[in-house]
Amino acid sequence: MNSVPFLDLKRLNGELSGPLQEAFARVMDSGWYIMGPEVEAFEAEFAAYCETKYCLGVANGLDALHLLLRAYEVGPGDEVIVPPNTFIATWLAVTQAGATPVAVEPDPATHNLNPERIEAAITPRTRAIMPVHLYGQPADMDPIMAIAEHHGLVVIEDAAQAQGARYKGRRVGSLGHAAATSFYPGKNLGALGDGGAVLTSDPAIRDKVRMLRNYGSTVKYRHDMQGYNSRLDELQAAFLRVKLAVLDTWNDQRRGVAAAYTASLLDLPLTLPFVPDWAEPVWHLYVVRSSHRDALQTHLTDNGIGTVIHYPTPPHRQTCYAGYSGLLPIAEQLANEVISLPLSPVQTAEETAQVISTLSAFYSEHKRTATSA
């Protein structure tokens, strides 16, 4: 029996080998490697794709979040509402800005930030809300934006896992006041290295981020702000232009794998992903929940099925946030039960069927063991 990798980036990128090699040659021959025409073209193309006015390429997704907080002048003494079930970059951006993350429990069905719990967490020091479009599914943005407007707060979308997703027909990245995304190689729109971007339709925020990413400068050797060195490489921008052209096709292929999983796993004692009728996810991850998660993962691994847990330790339980106080039982239960199944645009029907049959075999054996006991 063949193994099924969680994500085969070599095979995925191999589908675009010709265009990617052409993009490499174009950049190499241009003699322009930082902040040149490839970045400018990609920024225009990705902004149009995300239905925003502006895109600014930066070095990675964490920088994109951090630079946005800096642009909105969020800093020491301020609080930012964040979900506790997310990759730690969401929290790190807040603390790098000098602000304090305040965790609000997720909706147990979607795993996304629960709008009904936000207002109870707002204090006079709250400056921003940072919803994460987790697993490729948009958070419920309309009530979040209504709460933000009522309290005068900024909403920054962490859209790193949801490139191409839609909420009530609108693209993720265009729903808040601004958004950050990551082009880490495993993302739906992944570079062949690191990269990230800021999305906004606010020209003032565009101008601030443009300065912050480039040493606080827009004119060489003149520095109006204390900035950073966080720029998207020309080469990565060229690669991303190639991949952006096929992103919708690849997302549709992800939807096909997710649909096959959902249709075949309904009868197993798993909690499958819940998709509200207003959401058009792009299935960055297909995450199920099991009360026997660790045993299930061991079984899958032993049978050649690659899995990942997103995320085994929530940020508030990490050593670097050891001083964080507060009980977050929903987030901790998710961390103990979630497991991500293999899913990519190049995953074959045979590989998907192998994952399904291996899952089914685990529960058949588990049922027999429970019955004999």
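User: Which residue of β9 does C55 stand opposite?

Analyst: Strands of a sheet pair through backbone hydrogen bonds, either parallel or antiparallel. In this predicted model, C55 stands opposite L199 in β9. The pairing of β1 with strand β9 (residues 196-200) is antiparallel and extends over five bridges.

User: What is the strand order of the open sheet?

Analyst: The open sheet has seven strands, in the order β1-β9-β8-β5-β4-β2-β3, and its pairing is mixed. At the edges stand β1 and β3 (100-103); each has a single partner strand, so one side of each is left without a neighbour in the sheet. From one strand to the next, the twist averages 25°.

User: Which helices should I examine against these strands?

Analyst: Consider α6 (residues 141-151), which packs on the sheet and touches β4 (126-129) and β5. The direction of α6 makes about 150° with that of β5. Another helix, α7, lies across β1 and β9 and runs at about 15° to β1.

User: Which residues of α7 are buried, and what covers them?

Analyst: The buried residues in α7 are I205, R206, V209, M211 and L212. Their cover includes β1, α4 and β9. The N-terminal end of α7 is capped by D202, with a side-chain oxygen 2.9 Å from the backbone nitrogen of A204.

User: How should I read the packing of α4 and α5?

Analyst: Two packed helices are described by the angle between their axes and the distance between the axes. For α4 and α5, the axes come within 8 Å and cross at roughly 35°. The crossing in which α4 passes α5 is right-handed. On the α4 side the contact is made by L62, L65, H66 and L69, and on the α5 side by A89, T90, L92, A93, V94 and Q96.

User: How many residues are in the largest nonpolar core, and which element gives the largest share?

Analyst: In soluble globular proteins, nonpolar side chains tend to be buried together. Here the largest nonpolar core has 32 residues, and L68, L69, Y72 and V80 have the most contacts inside it. Elements giving two or more residues to this core include β1 (54-58), α4 (61-71), β2 (79-82) and α7 (203-212). The largest share, six residues, comes from α4. Leaving aside neighbours within four places in sequence, L68 is in contact with I156, A178, A179, A180, V198, I205 and V209. Another core lies apart from the largest one and has 25 residues, among them L113, I129, A148 and V172.

User: Where does N188 lie, and is N188 buried or exposed?

Analyst: N188 lies in the loop between β8 and β9. With a relative accessible area of 4%, N188 is below the 20% cut-off and therefore counts as buried. Its side chain reaches the backbone oxygen of V282 at 3.1 Å, and the side chain of N188 also makes a polar contact with that of H284 (2.9 Å). Beyond its neighbours within four places in sequence, the contacts of N188 include Q161, L247, W250 and R254.

User: Which residues lie on each side of strand β11?

Analyst: In a regular strand the side chains alternate between the two faces of the sheet. In β11 (residues 286-289), Y286 and V288 are on one side and V287 and R289 on the other. All four are buried, and both faces of the strand are covered. The partner of β11 is strand β12 (residues 338-341), paired in the antiparallel sense over four bridges. Within this pair, Y286 stands opposite L341.

Key
Residues numbered from 1 in each chain as written. Predicted model: local features only at pLDDT ≥ 70, side-chain atom pairs only at ≥ 80, totals over all residues. Heavy atoms only, no water. Core = buried A, V, L, I, M, F, W, Y, C linked by side-chain atoms within 4.5 Å. Buried < 20%, exposed > 50% of the residue type's maximum accessible area, 1.4 Å probe, protein only. Contact = heavy atoms within 4.5 Å. Pairing = 2+ DSSP bridges. Axes fitted to C-alpha atoms, helices over the stretch in contact; angles between N-to-C directions. Polar contact = N/O pair within 3.5 Å; in protein donor to acceptor, adjacent residues only side chain to side chain. Left-handed = near helix turned anticlockwise from the far one by under 90°.
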